[in-house]
Amino acid sequence: MNAADGPDQRTGLDKDALKRDFLDNLLYAQGKFPALSTLHDYYMALAFTVRDRMLQRWISTAETYTRLGSRTVAYFSAEFLLGPHLGNNLVNLGIDQAARQAIRELGLSYEELLAQEEEPGLGNGGLGRLAACYLDSLATQEIPALGYGIRYEFGIFNQDIVDGQQVELTDKWLRFGNPWELPRPEWAVEVKLGGHTHRYVDDQGRIRHQWTPSWTVIGTPYDTPILGYLNNTANTLRLWRAEAPESFDLSTFNRGDYWGAVNKKVVSENITKVLYPNDEQIQGKELRLQQQYFFVSCSLQDMLRIMRGQNIPLEKFHEKYAVQLNDTHPAVAIAELMRLLVDENGMDWALAWDITRKTFAYTNHTLLPEALEQWPVHLFARILPRHMEIIFEINVRHLDEVRLRFLGDHERLGRLSLINEHGERYVRMAHLACVGSHAINGVAALHTELLKADVLADFHALWPEKFSNKTNGVTPRRWISLANPRLSKLLDQSIGEGWARDLAQLRNLEPFADDAAFRSEWRYLKRATKEDFANFLRRRVGVAVDPQSLFDVQVKRIHEYKRQHLNVLHIIALYLKLKHNPNQAITPRTFIFGGKAAPGYHMAKLMIRLITGVADMVNKDPALRDQLKVVYLPNFNVTNGQRIYPAAELSEQISTAGKEASGTGNMKFMMNGALTIGTLDGANVEIREEAGAENFFLFGLSTEEVQELKHNGYRPSDCYHSNPELKAVLDLIREGYFSRGDRELFKPLIDNLLHHDPYMLLADFRSYVDCQAQVSQAWCDVEHWSRMAILNIARSGKFSSDRSIRDYCDDIWNVRPVPIALHGRKEFQGGLGQ
């Protein structure tokens, strides 16, 4: 909108305009009047009011990109863990305070309305949350971008804890509708699956391939605007829903086959039914592969449609788009783009391959070999027969290049092949991503070096120029501005308001660390935040915790390499000390855990059971005099993260060195003033470099020491027998003290530690316990602890996702900002009828 037009009722940002639009949306969008309205109706009215302001920016952005034919980032991700939209959009529009006042004047509770939103559980953890942070930063940096993914009907399960064990509940995030999305059925596409291929010679004498599928599904896009912070950019997240070409077969119904009449609809919609189906069975594997292919095929077809609409020649696909593959889940896009270019558009293979490799870039997110996706060749060929042929052809040409570079090195050929020939044949998706991309990046400096030296060493030897590091980041808008309003206000008053757009400005906070009055103010707001969280814990899990205790927090996906059970061993060690000497003075601590275990991951579920078993005994033992409390907060998600990170004081980042790619929770803790206890793993290395070694609690073996110990023959039982404290801890678990006398419950976990211990818990136990003693000592000096906390905040600027996105734009995507001018009704009315 031009300034001369002035705001209209649907786009005004002041309190009165918001109140008018809120009431209009309650009546005309919700069809309700106050006497019949529920809290959810009021939430929807506020959401539609905010969306009105977003749509003006969204349409202005789309019009600008279309008119200019802007080079665009296409971010392909199987997960987008966005979190609740309403609060974040209010912050990014800069109207959270105006909305708060408007709702209060209408006699409603702003906090209650925000709490009505169902969080979209479209991700499992760090991978999906990173994608969401990157979309926020792309819009804030004014970078033309499209996020492409799957509109799962049911997201990651909701977790409850019943009798100490994880119980998975269906995530019905769409049950009351989603006011933030707009369906686009006019842009639906067809996706083929199964069937067979046929070779033929076309009129020009060229060998061509025809794919005859056994079935097809329709992909319908649902668009969600993604706002930049205090600018006019609103990019698009486009998620695909699978539907049957014909949802109801009337003739079959009329024959009395009522199930058959809707069977195709059920089968088709299964593709986008649930995030990450359990793939222990072959049907689960098939469904996951179908999901991955479905969303990349839909997305690439959509991108071609956009190019046609902008009259951009097909040969310039790589100039129009920079496609980032967020891990290996979307890697089949490489074969699909080749199919679309060669089979559907008759392009020569060499030109199509050149375009494909210039289009894609690949982010690796794991150092665990078992996490690098592979698909059985027979399964892949049955579901995607044409893509199997294309991958075989890519592999033949790729291995020819390898032979020229490494003459006679047959073992290297086997390691670099896209097909794993050892035993049952598998398609290696990380290999396909490396071969079909022009850039490969890790997500932390250490992670990237380990990729080059180990996991992808052969590819680095072949194409060293492809590799670079892009350390992860998180958006300060959600993780400070929205999650921690007290800290946000303190920062505004101390260093100005520019930090939320340029987190490097937090460095200006450093001098305040030596200001006693500022440290006192910091402690005051931290205490208030902890009290809020303590009240929430009492309501949610029924455990009373002391806000004056040290809040020691580990929240993340439950996995052996993340070593939540090492944390538990330390808790038991403290417990035993107090039991043996009840009058001993220790630092009062509240240990807070959160995270979900994969439904089929038995050991991770057993770790949760151990945590809750320890909590049960510790919390009810009067001898401890409430000096220790252990809390397991169920259903860790973005909403709960916004409560936890601001309240935390010690951040547990204790994975085995060389196992965590980066981590992003560590960054959220740091920028909210928690100190880190951690190993030299993932982004911990860079956090320690930024914060200063004196403001970081380091323990444990380094990556090199882990490798050396394994090479020399690690015997975990030696640690058990040589460390009486460790022995007492493990014996107490084994004796059934935390399992109501059941000696069998934790036997698999203890046996694994004593005889295998693949993640070196017992090797790191002594160092961890000693480091925790240093934490306790530091905590006793409140002024010193406050200074360290403030310096952690001040030095967290590197870990903004804005910095990450600038690095990608400069080094990989070659994309520049496109500022957006707002358009109003007059501009769009001028185009009607054209």
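Start with Tyr148. Tyr148 is buried, at 0% relative accessibility. Buried here means under 20% relative accessible area, exposed means over 50%, and partly exposed is in between, with a 1.4 Å probe and protein chains only. Phe76 is buried as well, also with a relative accessible area of 0%.

Before going on, the ground rules. This is a predicted model, so local features need pLDDT of at least 70, side-chain atom pairs count only at pLDDT 80 or more, and totals for chains, interfaces and linings use all residues. Residues are numbered from 1 along each chain as its sequence is written, and side-chain values use heavy atoms, with hydrogens and water left out.

Now the rings. A pair of aromatic rings is described by the distance of the centres and the angle of the planes. Rings of Phe, Tyr and Trp (its six-membered ring) pair if their centres lie within 6.5 Å; planes under 30 degrees apart are stacked, over 60 edge-to-face, and the rest tilted. How many aromatic pairs does this rule give? The count is 23. Take Phe76 and Tyr148: ring centres 5.6 Å apart, planes at 85°, so the pair is edge-to-face. Phe76 is in strand E1 (residues 72-76) and Tyr148 in strand E2 (residues 145-150), so this pair ties together parts that are 72 residues apart in sequence. Helices (H or I, at least four residues) and strands (E, at least two) are DSSP runs, numbered from the N terminus.

Next pair. The ring centres of Phe317 and Tyr321 are 5.2 Å apart and the planes sit at 50°, so this one is tilted. Phe317 and Tyr321 are both buried.

There is also a cluster. Tyr75, Phe80, Tyr134, Tyr808 and Trp813 form one aromatic cluster.

Two packed helices are described by the angle between their axes and the distance between the axes. Axes are lines fitted to C-alpha atoms, for helices over the stretch in contact, and angles run from 0 to 180 degrees between N-to-C directions. The axes of H6 (residues 126-140) and H33 (residues 801-813) come within 9 Å and cross at roughly 75°. H6 and H33 are therefore roughly perpendicular. The cut-offs: under 35 degrees is roughly parallel, over 145 roughly antiparallel, 65 to 115 roughly perpendicular, and the rest oblique. Contact means heavy atoms within 4.5 Å.

H31 (residues 761-780) and H32 (residues 782-794) pack at about 105°, with axes 5 Å apart. That makes H31 roughly perpendicular to H32. Val775, Ala778, Trp779 and Cys780 of H31 meet Val782, Trp785 and Met788 of H32.

Third pair. The axes of H11 (residues 333-344) and H12 (residues 349-359) come within 9 Å and cross at roughly 140°. That makes H11 oblique to H12. On the H11 side, the contact includes Ile334 and Leu337; on the H12 side, Trp349 and Trp353 are among the residues met.

Now charges over rings. The test is NZ of Lys or CZ of Arg within 6 Å of the ring centre and within 35 degrees of the ring normal. Lys530 lies over the face of Phe551, 4.6 Å from the ring centre. The charged end of Lys596 sits over the ring of Phe157, 5.4 Å from its centre.

Both Lys596 and Phe157 touch Asn635, which also touches Asn158, Gln159 and Asn640, leaving out residues up to four places away in sequence. Where is Asn635? In the loop between E20 and helix H24 (638-647). Asn635 is buried, at 13% relative accessible area. Its backbone deserves a look: phi is positive, about 60°, although Asn635 is not a glycine. Most residues other than glycine have a negative phi.

Asp626 has a positive phi too, near 60°. Asp626 is in the loop between helix H23 (602-619) and strand E20 (628-632). Is Asp626 buried or exposed? Exposed, with a relative accessible area of 52%.

Last stop, Phe512. Phe512 is in the loop between helix H20 (485-495) and helix H21 (516-541). At 24% relative accessible area, Phe512 is partly exposed. Phe512 touches Ser494, Ile495, Phe518 and Arg519, not counting residues up to four places away in sequence.
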